[in-house]
Amino acid sequence: MSEHKEEITVPDTEIEQSEEPIPTKTEKKAIDWENFKEEEDYEDPMINGLTLMERFNLCRSVGEEITEELELFNLLKHKPEPIAYDGFEPSGRIHIAQGLMKVLNVNKLTKAGCRFVFYVADWFALMNNKCGGDLKKIQKVGQYFIEVWKSLGMDMERVDFVWASDFINDNSNEYWLRVMDIARGNTLARVKRCSTIMGRQAADSMPAAQIMYPCMQAADIFELKADICQLGMDQRKVNMLARDYCDSAKIRFKPVIISHHMLLGLGGETKASKSVPDSAIFMDDDEATVNRKVRRAFCEIGNVTVNPVLDYMQHIIFPYFPDGVMVERKERDGGDIFFSTYEEMHAAYVSEELHPGDLKPALSKHLNQLLQPVRDHFRSEKKLKKLLGFVKKVRSTR
């Protein structure tokens with residue numbers, strides 16, 4: 001492996017299918033998980049100090065949507081160390097959904113007993129013309145992503161980084177046969193519908209290279225021997241493409257899909273965008289920039305339907321501050337108010353007891369606390385300062 005990458009392999013013993021049969025048939029009737037009880041003779045092995053049900057609920061907490069819950073339960077029951085996977089394109093600066101939120105999700109899954117494989121999709125970024133199509137720049141940005149996650153306390157002992165450029169070259173025969181098999185079994189129309197995984201619409205003019213993208217991403221799941229696909233809701237189509245492929249390829253165990261929530265853009269957009277800098281908080285934003293962006297964020301009085309400030313509170317701030325969040329207010333506005341849970345804050349905002357003018361400074365304060373370790377990390381060594389400076393100059397092209 002070349003010098004720009006840390007060589008990390010995934011041991012065969014950690015990704016092979018369990019020898020025990022894992023039932024995968026999904027029941028039509030919804031399961032009452034709150035009152036679910038395992039059979040009396042089941043001996044719970046307790047992994048990381050957690051029972052099977054506790055590990056299952058921890059995994060469930062990551063997903064806005066899970067396909068399928070029963071398959072996830074049986075996977076955790078029969079396989080002590082399932083492989084969870086996510087792929088990311090190194091493509092410039094990293095925003096808080098990719099940084100803070102990703103660390104939350106990864107650490108939950110590793111706590112639940114999973115081994116997490118990050119697929120550093122440098123070739124995919126090249127196909128998507130990121131960093132001007134310069135592979136060396138793309139790979140350097142990949143190093144930056146990893147450094148951000150380290151600074152945030154990601155559980156690196158149970159995380160492996162696999163670079164697409166190395167993995168595909170090392171497994172070229174099996175990999176490309178898989179890609180062709182997936183491509184042969186799907187229509188061009190369906191593959192184009194998956195184009196949103198690249199941040200593009202099917203109606204856009206796409207280079208032919210990007211038609212290959214969904215078939216390759218689906219193939220990654222099987223070649224990495226992933227049991228769980230833990231990506232955002234925007235990647236759901238290609239994950240379902242992989243599950244459907246299991247039927248034609250007669251693959252017994254379909255990958256479980258745990259799709260996490262997509263943070264709103266600060267202007268109320270359905271998702272934050274790197275191409276619109278003020279729509280997102282970036283991991284390298286300084287305190288003044290965070291304060292400015294949050295101050296300008298869309299946040300209507302009483303509106304809890306489309307409200308990025310509340311969205312960030314729910315999915316980032318409260319998970320990082322589980323003991324509660326203090327909102328500081330002037331005495332004439334009722335004085336400081338403490339919320340033990342997000343639900344309390346939500347109710348206060350609906351009733352208009354909590355005003356955007358008070359909510360926004362609270363979000364800024366807590367975000368800056370979370371971002372400070374990242375700022376400190378990249379100031380700690382000359383090479384890290386240089387890496388951050390490089391990334392800031394890189395233009396993430398669409």
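A nonpolar core is a set of buried Ala, Val, Leu, Ile, Met, Phe, Trp, Tyr and Cys residues joined through side-chain atoms within 4.5 Å. The views below show a predicted model.

**View 1. The largest nonpolar core has 82 residues.** Ile96, Tyr144, Met283, Met345 and Leu367 have the most contacts inside this core. Helix H15, residues 356–379, supplies the largest share, with 8 residues.

**View 2. Methionine 283 and its contacts beyond four places in sequence.** Methionine 283 touches Ile94, His95, Ile96, Gly99 and Leu100, among others. Its contacts also include Tyr144, Val148 and Leu152. Leu371 and Val374 are in contact with methionine 283 as well. Met283 is one of the residues with the most contacts inside the core of 82.

**View 3. Strand S5, residues 228–232, is largely enclosed by the rest of the structure, because 5 of its 5 residues are buried.** Strand S2, residues 83–88, runs parallel to S5 and is joined to it by 2 bridges. Here alanine 84 stands opposite isoleucine 228 of S5.

**View 4. Strands S5 and S6 run parallel, joined by 5 bridges.** S6 spans residues 256–260. Cysteine 229 stands opposite isoleucine 257 in S6. Between the two strands, the chain passes through helix H11, residues 236–249. This β-α-β crossover is right-handed.

Definitions and conventions
Residues numbered from 1 in each chain as written. Predicted model: local features only at pLDDT ≥ 70, side-chain atom pairs only at ≥ 80, totals over all residues. Heavy atoms only, no water. Buried < 20%, exposed > 50% of the residue type's maximum accessible area, 1.4 Å probe, protein only. Helix = DSSP H or I, 4+ residues; strand = E, 2+ residues; numbered from the N terminus. Contact = heavy atoms within 4.5 Å. Pairing = 2+ DSSP bridges. Right-handed = clockwise from strand over helix to strand, strands pointing away.
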